[in-house]
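User: I'm new to this one and would like to learn how to read it. Could you walk me through a few features?

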Amino acid sequence: MVCKKSTASKVKTRKVAYKRKQHAHSYASRSWRILLLTVRAVQKFSSFKRKNFRIHEKKRIKKYILLKYHNNTKFRVENNSHASQRILNKYHNNTTFRNKIKSRSKIHTLNKYHNNFDFRNQYKARAKTEVLKKYYTNNSIRLKMIQRALNSYRSNNTLITRKSRQLYNQRRRILKKYASIQSHKCTLKHSNLYKQNLKEFRKIIREGPDYVCLSCGLALFRNQVIPFVKDKYINEKISYEIKKHIQSYLKYSSSTEQKWICKSCSDKIKKRQMPSRSVVNKLKVCDVPSELKRLNNLEKHLIALRLPFMKIVNLTSGKLSSRLSQKGTKGPLHCVPSDVEDTVIALPRPVDKSMM
Ligand SMILES: [Zn+2]
């Protein structure tokens with residue numbers, strides 16, 4: 001006899017089976033998760049360990065190599081040569097690296113040039129020697145340099161340049177003269193004396209009339225001026241009015257530059273008098289008006305209110321051109337007043353009265 005199960009019991013059995021299955025499944029998934037987590041933790045731990053190990057190893061190797069570098073000469077030399085070879089290769093193959101090195105070395109050299117006096121002098125001397133060597137050995141470079149100098153000489157033709165060239169030529173002529181005297185006339189006996197005199201002469205002519213008087217504004221030589229000391233002329237004892245007068249004779253600024261005063265002005269100011277050639281004694285020279293600037297010598301003579309007459313002599317003698325030599329006046333100087341009213345009215349003559 002077959003015992004049939006009721007529907008309710010069937011449902012119950014299925015529920016129980018389902019629950020068992022669910023329980024088993026959840027257990028398995030949890031186990032898997034735990035396993036995965038464990039594996040990950042182990043991996044992380046091992047990598048961390050490896051990292052630490054790597055750092056330690058690196059440190060140890062570095063220390064070892066440093067020690068070896070300092071103690072082992074052969075190793076050091078090899079290492080240096082390897083490094084230089086490597087850097088050279090990099091320099092030749094890597095454009096960015098090459099440019100970086102070039103710019104860095106340029107900045108370094110420039111800084112050194114500006115800050116180090118010895119280096120600058122050495123650099124200049126080296127550059128000069130190189131240029132001279134090129135000039136004397138390479139014909140094309142010599143020709144180019146001569147051409148460039150000629151062009152610059154022709155293009156730079158101002159009044160100051162012409163003047164400086166004249167002086168340069170004059171100096172060369174004098175030097176040539178002295179050189180010829182030395183080579184032909186000077187005997188061994190006089191040679192030392194001559195050299196000594198030339199040395200002294202050069203020492204004397206090194207300074208020109210570069211000292212400007214505070215009162216008269218004249219450019220004078222060193223032996224004609226004395227250093228200006230304010231307390232010598234202006235002190236607490238003198239009255240306010242005299243002080244003001246003296247201050248008006250002296251045109252000085254507050255700059256720290258050394259100031260000079262000529263002996264004549266200094267004596268006069270010490271006597272509380274106005275120096276006769278002081279600028280404030282109506283001797284200030286004004287600028288030439290633009291209308292009169294373009295006149296030639298004849299036109300200037302025609303409209304001059306005073307005609308000075310003086311004897312002008314060359315202060316130097318010898319073969320030197322009289323045009324270039326230093327001039328001086330000799331004897332009395334006369335200033336003749338001239339009535340230019342008629343001349344100014346008559347000129348320029350109209351075309352119909354010019355008799356041309
Ligand atoms: Zn003076």
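Analyst: Along the sequence, the zinc ion's donor residues follow the spacing C-x2-C-x45-C-x2-C. This is a predicted model, where local features need pLDDT of at least 70, side-chain atom pairs count only at pLDDT 80 or more, and totals for chains, interfaces and linings use all residues. Residues are numbered from 1 along each chain as its sequence is written, and side-chain values use heavy atoms, leaving out hydrogens and water.

User: Which protein donors does the zinc ion have?

Analyst: Donors are N, O and S atoms within 2.8 Å of the metal (3.2 Å for Na, K and Ca); water is not among the atoms, so sites may look incomplete. Here the SG atoms of Cys-213, Cys-216, Cys-262 and Cys-265 sit 2.2 to 2.3 Å from the zinc ion.

User: What is the geometry of the site of the zinc ion?

Analyst: Four donors count as tetrahedral if all angles lie between 85 and 135 degrees. The zinc site is tetrahedral, with angles of 94 to 122° among its four donor atoms.

User: Are Cys-213 and Cys-216 buried or exposed?

Analyst: Buried means under 20% relative accessible area, exposed over 50%, partly exposed in between (1.4 Å probe, protein chains only). Both Cys-213 and Cys-216 are buried. Ser-278 counts as buried too, because its relative accessibility is 0%.

User: What is Ser-278 in contact with?

Analyst: Contact means heavy atoms within 4.5 Å. Setting aside neighbours within four places in sequence, Ser-278 touches Ser-215, Cys-216, Tyr-249 and Leu-283.

Key: Tetrahedral: all angles 85-135°; square planar, octahedral: opposite > 155°, others 65-115°.
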